[in-house]
Amino acid sequence: MQHLDISVVSQAISWLEQQPVWLCTVLDTYGSSPRSPGAMMVATIDGNYCGSLSGGCVEEDFLSRLASGDYQAASQVIRYGAGGLTPNVTLPCGGVLDVLIEHLPAGEASISYMRTLEGALTGHHALVKHLTLPNVCSSLETTSFASSTQVVRDGQEITLHIAAAPRLLIAGLSSVALFCADFASALGFEVLVCENRPEALDNFASQLKPSITLLRQFPAKFIEQGGCHANTAIVALTHDPRMDDLTLMEAIYTPAFYIGAMGSQRNSDRRRQRLQQIAEFTSQDLSRIHAPIGLPLGSKTPAEIALAVMADVVQQKNRVRQA
């Protein structure tokens with residue numbers, strides 16, 4: 001299953017072959033809000049839409065105004081919530097939402113624009129997007145990695161730093177992996193699970209939620225084929241050296257911001273020795289591996305271990321963002 005914003009862009013490209021679309025991007029949230037800056041929705045004038053801005057609080061009002069002929073400028077910002085341009089719509093959570101609306105005409109120019117955004121969201125690179133209200137986007141420039149979409153506003157000038165949603169690659173199914181997948185999905189990660197062992201698939205695959213992608217292949221092979229970008233965390237959670245060691249050997253060569261493997265301190269030390277002997281990794285290479293994995297919470301149960309893992313992953317992700 002695709003991350004929601006990737007689905008939004010893909011749907012926009014499809015619609016733009018026949019009709020104009022309105023691309024909506026959350027710029028700022030104040031107070032409680034279910035969607036973060038950078039979240040997107042795309043809509044057509046006949047009421048079709050993909051994505052969301054608020055989890056359902058404002059979409060109906062937006063579509064009604066769109067059908068009435070509003071939002072014809074190439075770009076504009078509207079506010080939902082107290083003191084907004086649409087004060088008749090109150091967010092149940094009490095928050096305030098600023099939304100950038102771009103009117104994109106049908107045709108190749110708009111499709112090319114959306115394909116460039118698609119490249120950033122699928123992890124090939126990050127972009128800086130500039131526009132001056134009420135004009136069209138003036139530039140999309142490749143930039144360095146960022147762990148989340150960032151927004152800068154200066155009067156009518158808007159700059160968005162667009163990057164892929166964080167990805168969690170889980171190497172192998174286990175009871176801990178199931179809880180990690182659920183926690184990561186709730187935290188907004190794109191979650192991929194690589195597993196090719198028949199017994200593990202029989203025991204755990206049916207318990208994965210629809211929002212989680214199961215890839216029935218060896219994790220190291222997926223990583224070798226370029227399955228990880230700079231906004232990826234790779235976690236090996238099986239206690240199976242055949243799977244975990246090979247996963248780590250490939251992960252070291254990726255730009256992933258987090259690499260970790262489950263196991264006690266003793267087992268982790270033995271693994272490092274194996275990797276040093278077999279793959280000739282340096283101390284600097286091995287320092288990238290979080291093992292024992294996770295924050296030291298004194299975790300005992302699978303759910304507690306998974307919580308410690310995801311707490312460590314999120315901490316590292318946010319450190320990268322703030323660097």
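In the predicted model, six strands form an open sheet in the order E12-E11-E10-E13-E14-E15, with parallel pairing. Strands here are DSSP runs of E with at least two residues, helices are runs of H or I with at least four residues, and both are numbered from the N terminus; two strands count as paired if DSSP finds at least two bridges between them. Strand E12 (213–215) and strand E15 (289–290) lie at the edges and have a single partner strand each, so one side of each lacks a neighbour in the sheet. The pairing of strand E14 (residues 258–261) with E15 is parallel and runs over two bridges, and glycine 260 stands opposite histidine 290 of E15. Helix H4 (residues 175–186) packs on this sheet, where it touches strand E10 (167–171) and strand E11 (190–194); contact denotes heavy atoms within 4.5 Å. The direction of H4 makes about 175° with that of E10, axes being lines fitted to C-alpha atoms, for helices over the stretch in contact, with angles from 0 to 180 degrees between N-to-C directions.

Residues are numbered from 1 along each chain as its sequence is written. Because the model is predicted, local features need pLDDT of at least 70 and side-chain atom pairs count only at pLDDT 80 or more, while totals for chains, interfaces and linings use all residues; side-chain values use heavy atoms, with hydrogens and water left out.

UniProt lists residues 168–313 as "domain: XdhC Rossmann" in an unreviewed entry; such annotations may be inferred rather than shown by experiment, and their positions follow the numbering used here, with feature names shortened. This span is 45% helix and 16% strand, and its end C-alpha atoms lie 9 Å apart.

An open sheet of four strands has antiparallel pairing and the order E7-E6-E9-E8. Its edge strands, E7 (137–143) and E8 (150–154), each pair on one side only. Ignoring direction, neighbouring strands of this sheet are turned by 15° against each other on average. Five bridges join E8 and E9 in the antiparallel sense, and glutamine 150 has histidine 161 in E9 as its bridge partner.

One joins leucine 133 to proline 134, with omega of about 0°, and proline 134 lies in the loop between strand E6 (126–132) and E7. The bond from alanine 291 to proline 292 is cis, with omega near 0°; proline 292 is located in the loop between E15 and helix H10 (302–322).

Proline 292 also belongs to the residues closest to the centre of the second largest pocket, together with Ile293, Leu295, Ser299 and Ile305, out of 14 lining residues. The volume of this pocket is about 210 Å³. On a 1 Å grid over the protein atoms alone, a pocket is an open set of points with protein on both sides within 12 Å along at least five of seven lines, a cavity is a set where a 1.4 Å probe fits but cannot get out, and lining residues have an atom within 4 Å of a point.

One cavity of 30 Å³ or more is found in the whole structure. The largest cavity holds about 70 Å³ of space, and its lining consists of Thr25, Gly38, Met40, Leu117, Leu121, Lys129, Thr149, Leu160 and Ile162. Helix H3 (108–121) and strand E9 (157–162) are the elements that give two or more residues to this lining.

Key
Grid points are joined across faces, edges and corners, and a volume is the space filled by probe spheres set on the points.
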